[in-house]
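Please read this note with the sequence and the model open beside you.

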Amino acid sequence: VMDGNGLEKLWQLEIFIAIVASTGLLLGAGAEARKREEELKARTAALAAELERIKAQINPHLVFNCLNSIQALTASDPQAARDGLAVLGGFLRSSLDLAGRAAIPLSQELELVEATMALHKLRFEDDLDWECRVEDRVADFSVPPVILQPLVENAVKHGMPEQGRARIT
């Protein structure tokens with residue numbers, strides 16, 4: 001038989017055990033949340049590094065091809081060569097301006113695509129036709145800068161037959 005004092009001590013012990021168990025659960029949940037946060041930060045950093053690697057691979061290749069095309073135009077069509085240099089300069093300026101940003105509006109990304117395709121048009125002249133259609137409602141959608149560049153480069157690289165014309169849409 002337990003008296004009032006024994007019941008009170010039992011009640012206090014149960015409360016103490018509940019507090020200790022709750023504290024342990026909270027500490028464990030906090031540690032798990034920190035672990036998930038660290039994993040997400042590491043994954044984000046890895047994805048950002050991958051994006052930078054892709055950008056570094058694409059831009060020099062495009063610049064090299066454009067400079068070769070512009071060089072070829074200097075003798076046959078000096079005005080087209082000057083126009084090509086202006087487009088290339090604008091493209092490089094825009095690329096550098098966007099390099100430090102995590103996201104840009106899709107409309108701005110599409111301006112880079114248009115500049116890229118204008119540069120490819122220098123190279124392939126009448127053998128390349130291209131068209132880009134985007135609904136107005138997605139123009140402000142945020143995307144990483146130069147995210148479409150690999151798709152455009154691959155479309156041109158693999159869409160151009162050995163001889164003849166290509167149409168890329």
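1. D126 counts as exposed because its relative accessibility is 61%, where exposed means over 50% relative accessible area, buried under 20% and partly exposed in between (1.4 Å probe, protein chains only).

2. Before going further, please keep in mind that this is a predicted model, in which local features need pLDDT of at least 70 and side-chain atom pairs count only at pLDDT 80 or more, while totals for chains, interfaces and linings use all residues. Residues are numbered from 1 along each chain as its sequence is written, and side-chain values use heavy atoms, with hydrogens and water left out.

3. D126 belongs to a negative surface patch, which is formed by D77, D83, E125, D126 and D127. Such patches are made of residues with over 30% relative accessible area and no salt bridge, like charges being joined within 9 Å; Asp and Glu count as negative, and the place of a charge is taken as CG of Asp or CD of Glu.

4. As for the chain as a whole, it has 4 helices and 4 strands, and from the N terminus on their order is α-α-β-α-β-β-α-β. Of its 169 residues, 25% count as buried. Among contacts (heavy atoms within 4.5 Å) between residues at least 6 apart in sequence, 78% join residues at least 24 apart.

5. The structure holds 4 salt bridges, a salt bridge being a side-chain nitrogen of Lys or Arg within 4 Å of a carboxyl oxygen of Asp or Glu. One of them joins E37 and K41, whose closest N and O atoms are 3.4 Å apart; both residues lie in helix α1 (residues 4-76), 4 residues apart, about one turn of the helix. With 41% relative accessibility E37 counts as partly exposed, whereas K41, at 54%, counts as exposed.

6. Another salt bridge links E131 with R133, with 2.4 Å between the closest N and O atoms. Here E131 is partly exposed, at a relative accessible area of 27%, and R133 is exposed, at 68%.

7. The side chains of R137 and E135 also meet in a salt bridge, at 2.6 Å from N to O. R137 is exposed, with a relative accessible area of 71%, while E135, at 47%, is partly exposed.

Technical notes
Patches are made of residues with over 30% relative accessible area and no salt bridge: like charges are joined within 9 Å, nonpolar side chains (Val, Leu, Ile, Met, Phe, Trp, Tyr) within 5 Å. Accessible areas come from the Shrake-Rupley method with a 1.4 Å probe; for residues, only the protein chains shown count as cover. Helices (H or I, at least four residues) and strands (E, at least two) are DSSP runs, numbered from the N terminus.
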